[in-house]
Amino acid sequence: MHNHDILIRLRYALDIKNKDMVEIFKLGEIEVTREEVMQMLTKPKDEYYDDEYDDMDEDEDGINCNNMMLESFLNGLIIFKRGRQEPKPGQPQSQAPAVKNKESVNNILLKKLKIALTLTSEDMIDILEEAGVMITKGELSAILRKVGHRNYKECGDRYARNFLKGLALKYRG
């Protein structure tokens, strides 16, 4: 699943307004205009493009949302929903990017949505069940683990797509 798909589905599921999208990006420390947000939310004409598109910042159809921008949006969503948290003494002011490669995007998406929406593991399992996906608590725990942990499991597009579908059913249904 591509980053613009995630943004489109997340915006729909949580019913986020355009001005709120701009504010969320700003909270995530990225300045974008409302027009740029609308371009990010535009699907490319060719839906079957290859991975070269992911490396591009802009296209004639619109602005591509790269991994850094998506992570900044998710960080901004956490602040938007829960408020800014002051760093503890000795803690770095800003965190290093969590998205190291394309494969970990879905894992980061689920982790940050869990934080932003104050979901428990049971809530996440219920959301996935609502979308028709059965997952055990152990499987979910493996997806939410840190990369490099011996029980870490990569989150496939199926889980991420169905989680966003379940969110839409829960919040809009």
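K137 sits partly exposed in this predicted model, at 48% relative accessibility. Its salt-bridge partner is E122, with the closest N and O atoms 2.5 Å apart. The two residues come from distant parts of the chain: K137 belongs to helix 8 (residues 137-144) and E122 to helix 7 (residues 121-130), 15 residues apart. E122 is partly exposed too, with a relative accessible area of 40%.

That pair is one of five salt bridges in the structure.

| Salt bridge | N to O distance |
|---|---|
| K137 and E122 | 2.5 Å |
| D15 and R172 | 3.1 Å |
| E71 and K112 | 3.9 Å |

Let's turn to E71 and K112, whose side chains meet in a salt bridge. Because E71 lies in helix 5 (residues 67-82) and K112 in helix 6 (residues 105-116), the pair ties together parts that are 41 residues apart in sequence.

Next comes the bridge between D15 and R172. It joins the loop between helix 1 (3-14) and helix 2 (18-27), where D15 is found, to helix 9 (residues 157-172), which holds R172; the two residues are 157 apart. D15 counts as partly exposed at 42% relative accessibility, and R172 is partly exposed with a relative accessible area of 39%.

Definitions and conventions. Residues are numbered from 1 along each chain as its sequence is written. This is a predicted model: local features need pLDDT of at least 70, side-chain atom pairs count only at pLDDT 80 or more; totals for chains, interfaces and linings use all residues. Side-chain values use heavy atoms; hydrogens and water are left out. A salt bridge is a side-chain nitrogen of Lys or Arg within 4 Å of a carboxyl oxygen of Asp or Glu. Helices (H or I, at least four residues) and strands (E, at least two) are DSSP runs, numbered from the N terminus. Buried means under 20% relative accessible area, exposed over 50%, partly exposed in between (1.4 Å probe, protein chains only).
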